[in-house]
Amino acid sequence: MPLNPVPVAVDRRGCRCTCGCWTRRRRYASDLTDAQWEILKPLLPAPLTTTGLGGRPEKHSRRTMIDAIFYVVDNGNKWRNLPADFPPWQTVYGMLRRWSRNLATHHLLDTLRRRLRTALGRNARPSAGCIDSQSVHKTAEATVPRHSSGFDPHKKVNGRKRHIVTDTLGLLVSVVITPANVQDRDAAWPALHGAASRGLTHVWADQGYEGPLTEHANNVLGLTVNIVYRHPGQKGFQVLPRRWVVERTLAWISRRRRCARDYERLPEHHATIVCWAAIIHMTRRLARLPHTTQQDPKQPL
C-alpha cells in the first residue's frame, strides 16, 4: 500500500497530457486553494514510479485530479460529465477507486482528523464519539442494485442507510453502508469495530441501539455504548445532549450533492464518497486555522 508522501517538487517538463491540467487555474468553488493544497499534498499516496515498484509515470497533475474528485462530490454530477478542463473521467474515477481499495482514502481521512484535532487543542486520538444512521433515497436511474438496497418503513426511504461514528467534534471516524431496511443495532457492530480500532472507548447512541449490542461491545471491544433517551413527553425535534454532534455531521455530509442521494452502484463506493465529503470539510477547516501546514503528517495514529 503506497502511503509515502508525494515528492514536493514535480517536473512538468515531461508532462505528456493534452488536457492542460498542469497549467489549469482555479475556477470552481470546489477547487482547492493554495493553502488547502499545501495541507493535502504531503498526505497523498506516492506514485508507484517513485517507490521502486515500477509502473508508468503519472501523466496528470495531482492537484487537478483532487479538484476533479472534489467537483464530483460537491456538485453531484455524473463522472462522464466532468468539465473538459479536468483529466479524463476514467482516469479520475480509476484513481478514486484504486485509493479506496488500498485504504489510502481512510489513511488520508485519519491523518486529517488527527491534525485538525491537534490544531484545535485536542488529543490526536479521540476517545469518545457518537453513532447514528441516515437513510438515503436511491437515484431514479436504477444505479443501485436491488440486492444492496431496501425500504426503511420508519423514514419512508427506499435505498441505502449510512451508519457513521464521529468524535465529539463531529469529525468522521468510520462509516458503514447497508440496505435501508437493516436495523441500526444490527449494522452498528462493524462501525463500532472501526471506531474502537481508532481509539474510541465511549460512544453515545440513541434508543435504536439499545439491546444486546451495548453489552457485546463492552465485552468484546472494550467500548461503552451510552444510550441517550428522549425527554419524557417530548414532541417534535429537540436537541439532546451529545446526540446533536452526529446529527450535525450528517447534515455536513448531505450538503455535498453527491451524498444527497445514493448514486453509487457499490456500497463501498458510497462509503468512499462519504469519506471524501468529510475530507473536503476537514481540509477547509484546517486551511482556515493558522500554522496547520507545518505539522508532521507522519505522527503515528
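**Ground rules**

I'm working with a predicted model, where local features need pLDDT of at least 70, side-chain atom pairs count only at pLDDT 80 or more, and totals for chains, interfaces and linings use all residues. Numbering runs from 1 along each chain as its sequence is written, and side-chain values use heavy atoms, with hydrogens and water left out.

**Overall look**

I started with the secondary structure and got nine helices and six strands for the protein. Helices here are DSSP runs of H or I with at least four residues, strands are E runs of at least two, and both are numbered from the N terminus.

Next I checked burial: 51% of the 301 residues count as buried. My cut-offs are under 20% relative accessible area for buried, over 50% for exposed, and partly exposed in between, with a 1.4 Å probe and protein chains only.

The protein exposes about 15100 Å², and carbon and sulfur atoms supply 50% of that. The areas come from the Shrake-Rupley method with a 1.4 Å probe, and for residues only the protein chains shown count as cover.

I also looked at contacts between residues at least 6 apart in sequence, and 69% of them join residues at least 24 apart. A contact means heavy atoms within 4.5 Å.

**Helix 2 on helix 3**

How do helix 2 and helix 3 pack? Helix 2 (residues 62-75) meets helix 3 (residues 89-101) at an angle of about 85°, and I get 10 Å between their axes. That makes helix 2 roughly perpendicular to helix 3.
For the record, axes are lines fitted to C-alpha atoms, for helices over the stretch in contact, and angles run from 0 to 180 degrees between N-to-C directions. Under 35 degrees is roughly parallel, over 145 roughly antiparallel, 65 to 115 roughly perpendicular, and the rest oblique.

Helix 2 brings Arg62, Met65, Ile66, Ala68 and Ile69 to the contact, while helix 3 brings Thr91, Val92, Met95, Leu96 and Trp99. By class I have eight nonpolar, one polar and one charged residues in this contact of helix 2 with helix 3.

Thr64 is buried at a relative accessible area of 3%. Not counting residues up to four places away in sequence, Thr64 touches Cys21, Arg24, Asp85, Phe86 and Pro87.

**Helix 3 on helix 9**

Helix 3 also packs on helix 9 (residues 267-288), at an angle of about 95° and with the axes 10 Å apart. That makes helix 3 roughly perpendicular to helix 9. From helix 3, Tyr93, Leu96, Arg97, Trp99 and Ser100 meet Glu268, His269, Thr272, Ile273 and Trp276 of helix 9. The class count for helix 3 with helix 9 is five nonpolar, three polar and two charged residues.

Gln90 lies in helix 3 and is partly exposed, with a relative accessible area of 47%. I put Gln90 and Arg80 at 8.1 Å, C-alpha to C-alpha, for a separation of ten residues in sequence.

**Helix 5 on helix 6**

Parallel or perpendicular for helix 5 and helix 6? The axes of helix 5 (residues 184-196) and helix 6 (residues 212-221) come within 11 Å and cross at roughly 25°, which makes helix 5 roughly parallel to helix 6.

In this contact, Arg185, Ala188, Trp189, Leu192, His193 and Ala196 of helix 5 meet Leu213, His216, Ala217, Val220 and Leu221 of helix 6. I count eight nonpolar, two polar and one charged residues by class for helix 5 with helix 6.

Leu103 has phi near 65°, sits in the loop between helix 3 and helix 4 (104-119), and is partly exposed at 46% relative accessibility. Lys156 has a phi of about 60°, lies in the loop between strand 2 (150-152) and strand 3 (157-167), and is exposed at 56%.

Last, Thr249 is in helix 7 (residues 243-255) and buried at 3% relative accessibility. Leaving aside neighbours within four places in sequence, I find Thr249 in contact with Ile164, Thr166 and Gly170.

Notes. Ala, Val, Leu, Ile, Met, Phe, Trp, Tyr, Cys and Pro count as nonpolar, Asp, Glu, Lys and Arg as charged, and the others, Gly among them, as polar.
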